[in-house]
Every structure is written in structure tokens, then in C-alpha cells.
Amino acid sequence: MRCIPLLICLLLFSVPVWADDIAIIKSLDGSVKIKRAEQVLIAEKSHNLQSGDILITGKDSHIGVIFHDGSVLTLKENSFLRVNDFEFKPIENKFKFNLKLKKGAALFQSGKIGTLSPESFIFEIPEGTIGIRGTKFLVEVK
Amino acid sequence: MKNLHLLLLLLLSLVLCSCSTSRVILLENNKDTNAIVIKTKSAELVLDETNTYADISSIAAPTAIKKITKEELQQSYGSLIASAPKPPINFLIYFEPSTVVMTSQSQQLFPEVHKAIEERLPCDVNIIGHADSTGSKEYNTELSLKRAKQIEHWLIKQKLDISNISVESYGEEDPLIPTADGVAEPRNRRVEILIR
């Protein structure tokens with residue numbers, strides 16, 4: 001019987017109930033959707049992104065976000081980008097940053113992960129990957 | 001009818017060629033190091049000069065690195081570049097030894113901090129307190145939390161519409177200037193205000 005509280009604890013903590021916010025939506029134009037698991041949300045200024053979110057910009061639309069490490073990502077119209085993974089815990093020395101642009105154009109300016117752990121950053125495009133060394137760059141998938 | 005032909009052609013070209021191309025451009029970043037490494041199945045390419053680009057194809061090896069003029073950049077990507085949010089900004093507020101009293105120089109920074117937040121709304125603010133290594137670890141964690149809370153208190157009074165304020169205390173764990181234990185270092189007695 002003694003192990004029941006322990007079991008309950010295990011159950012409670014093994015399921016990630018609360019997903020971490022990883023970025024804030026700073027600027028927005030037109031219609032931008034966020035696909036989060038099975039949900040499709042309408043992007044709004046000051047809302048947050050989570051790891052795994054897919055950003056989809058419509059015609060004449062754009063979205064600008066700032067990640068918790070200070071990286072700035074801007075997407076042009078008709079773009080499709082997935083935030084595959086993001087983790088920024090400098091005190092624990094844990095860094096992950098993986099973006100995948102399937103369609104459209106993106107402008108990216110790297111933040112602290114670019115300085116503290118550039119090897120943790122991968123920007124995927126259909127043809128390969130882009131790695132950084134303290135950088136601002138622009139990608140267009142045609 | 002013309003439109004219909006165009007559509008057919010497009011579909012045809014899709015069937016014939018499942019290949020894609022991406023253009024990757026390295027932009028000015030005002031930092032010392034600015035470079036990217038592009039990797040494909042067959043090759044690796046380094047861009048380390050600003051305003052240069054490469055077209056990356058899914059079927060051919062990366063082409064040569066080319067220059068893009070400011071005019072071309074403006075014409076093709078001007079609206080994207082202009083729509084980018086203002087980059088984050090960082091302020092450091094310094095403190096007198098073992099106190100939550102700010103140095104007089106740091107106190108003068110507050111109007112600037114206020115303005116930077118206003119210009120960036122909607123925004124998140126991180127407040128991270130630090131201490132130098134005089135005194136015990138526990139003492140310093142507590143002291144740097146008090147310092148950070150002091151800044152938070154000021155921020156709340158400003159009644160700016162900040163989306164999220166987070167307060168952290170790193171104690172003596174993350175010095176700006178690494179020192180031996182027990183060393184009084186003014187540059188480590190600080191609170192970092194990061195405005196995103």
C-alpha cells in the first residue's frame with residue numbers, strides 16, 4: 001500500500017501536462033495559422049509558440065517571432081515552417097534549436113544559442129541543412 | 001483557355017520534376033562572426049561574406065557563391081526584411097556590494113529601459129539577478145533574487161503592457177567576470193534585463 005502515493009506521483013509527472021512557451025509572436029499581418037498537435041489556432045500578437053508548432057502564412061501575410069534565446073524569425077507570405085525542437089536552459093547547459101522550412105521564405109537572426117552552442121542549431125530546408133556561426137540569414141524555398 | 005493551359009503546364013512540370021531549389025543569403029549582422037554552413041547530401045558550402053548567396057538544388061551539387069547587391073536584396077526581399085521584429089535588447093544594472101542599492105550610473109539607465117520596452121510591445125521581459133562571489137552560495141542566491149525583485153517592482157510600477165515578466169536568480173553561478181571564490185567584483189553584482 002505504501003507505494004500507491006509513489007505510483008500516483010509517477011503518473012502525474014510522467015505526462016507532460018504543460019508544454020513550455022518558447023517564443024513570443026511580435027508582429028503579424030494577414031492570416032497566419034499555427035498547427036499544434038491536432039489543433040489549428042489563429043496566430044495573434046503576444047501569444048506564445050511551443051515546440052512542435054507549425055507556422056503557416058497565407059497570402060499577403062507575415063509573422064515575426066522572438067525565441068527565448070533572443071533569436072528573431074520572420075516568415076514571408078505563403079510559407080510553411082515547423083519548429084521541430086527548441087530548448088534554452090543556459091544554466092543547465094541544455095540547448096536545442098531545430099527549424100524546418102518546407103515552403104516560402106524565412107529571415108533568421110540568431111540569438112544566444114548561436115553564441116553559446118552554435119552546434120545545437122539546425123535549420124532544415126528540402127535540399128539539406130543550414131548551420132550557423134553567429135548569424136543573420138534569409139532562405140527562400142522555391 | 002489560356003489559363004487552363006498554364007495550369008496544365010504547371011502540373012506537368014510538377015510530375016516531371018520533383019526537384020526543388022532554395023536560395024540562402026547571408027545578411028549583415030553587426031557581429032564579428034557571421035557565417036553559415038550549408039550541408040546537402042553531396043556537398044558542404046560555407047557562406048562567410050555578407051550579402052552573398054547560394055542556390056541549393058535537391059538534385060545538383062551546390063552552385064557557386066554569388067553576390068547580391070543591396071538593390072536586388074531590397075527589390076526581392078525588402079518587405080520581408082522590413083517586417084522583421086525589432087531585435088531583443090539587453091540592459092545591465094549594477095549594484096553596491098551586498099545590497100539591493102543600484103549604482104548611481106545604473107539608475108540613470110531606467111528611462112532608456114522604459115523606452116526600449118515601449119518600442120517593443122508586445123514583449124516579454126526576463127529579469128536575471130546575479131551576485132559576486134563574496135559570501136556563501138545560499139546568501140548570494142537570495143541576494144540576487146532580491147536584486148531582481150527590486151527591478152521587477154520598478155517594472156510593474158511603469159504600467160507597461162508587458163505580456164510576461166520572468167524573474168530568475170543565478171546567484172554567483174554565472175559571473176560576467178569569472179573570479180576565485182570570495183572576490184568582490186563590481187561587474188558581477190548585476191541584474192540583467194532582457195527585453196524580447
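1. The model is predicted, and the search for cavities of 30 Å³ or more gives a count of one. The volume of the largest cavity is about 40 Å³. Its lining is made up of Pro97(B), Ser98(B), Ala131(B), Asp132(B), Thr134(B), Asn140(B), Leu143(B), Arg147(B) and Arg189(B).

2. Composition of chain B. Chain B has five helices and nine strands. Read from the N terminus, the order of elements is α-β-β-β-β-β-α-β-α-α-β-α-β-β. Chain B has 196 residues, of which 40% count as buried. Taking contacts in chain B between residues at least 6 apart in sequence, 62% are between residues at least 24 apart.

3. The four-stranded sheet. An open sheet in chain B consists of four strands in the order E6-E9-E7-E8, with mixed pairing. The edge positions are held by strand E6 (89-94) and strand E8 (164-171) of chain B; each has a single partner strand, so one side of each is left without a neighbour in the sheet. From one strand to the next, the twist averages 15°.

4. The E7-E8 pairing. Strand E7 (residues 124-130) of chain B runs parallel to E8(B), and seven bridges join the two. Asp124(B) has Asn164(B) in E8(B) as its bridge partner.

5. Helices on the sheet. Helix H4 (residues 110-120) of chain B packs on the sheet and touches E6, E7 and strand E9 (190-195) of chain B. The direction of H4(B) makes about 155° with that of E6(B). Helix H5 (residues 137-157) of chain B also packs on the sheet, where it touches E6, E7, E8 and E9 of chain B. For H5(B) the angle is about 160°, taken with the direction of E8(B).

6. The two sides of H4(B). Which residues of H4(B) are buried? They are Phe110(B), Val113(B), Ala116(B), Ile117(B) and Arg120(B). These residues cover an arc of only 120° around the axis, and therefore lie on the same side of H4(B). Pro111(B) and Lys115(B), on the other side of H4(B), are exposed. The packing partners of the buried residues of H4(B) include an element of another chain, strand E1 (21-29) of chain A. In chain B, the partners are E6, helix H3 (104-107), E7, H5 and E9.

7. A cis peptide bond. Leu121(B) and Pro122(B) are joined by a cis peptide bond, with omega at about -5°. Pro122(B) is placed in the loop between H4 and E7 of chain B.

8. Positive phi at Asn51(B). Asn51(B) is not a glycine, yet its phi is positive, at about 60°. The residue sits in the loop between strand E3 (44-47) and strand E4 (52-57) of chain B. Is Asn51(B) buried or exposed? Its relative accessibility is 13%, so Asn51(B) counts as buried, the cut-off being under 20%.

9. Positive phi at Lys159(B). Lys159(B), a residue other than glycine, has a positive phi near 50°. Its place is the loop between H5 and E8 of chain B. Lys159(B) has 73% relative accessibility and therefore counts as exposed, for which the cut-off is over 50%.

Key
Residues are numbered from 1 along each chain as its sequence is written. Chains are lettered from A and ligands numbered from 1 in the order in which they are written. This is a predicted model: local features need pLDDT of at least 70, side-chain atom pairs count only at pLDDT 80 or more; totals for chains, interfaces and linings use all residues. Side-chain values use heavy atoms; hydrogens and water are left out. Two strands pair if DSSP finds at least two bridges between them. Axes are lines fitted to C-alpha atoms, for helices over the stretch in contact, and angles run from 0 to 180 degrees between N-to-C directions. Contact means heavy atoms within 4.5 Å. Buried means under 20% relative accessible area, exposed over 50%, partly exposed in between (1.4 Å probe, protein chains only). The arc is that of the directions from the helix axis to the C-beta atoms. On a 1 Å grid over the protein atoms alone, a cavity is a set of points where a 1.4 Å probe fits but cannot get out, and a pocket is an open set with protein on both sides within 12 Å along at least five of seven lines; lining residues have an atom within 4 Å of a point. Grid points are joined across faces, edges and corners, and a volume is the space filled by probe spheres set on the points.
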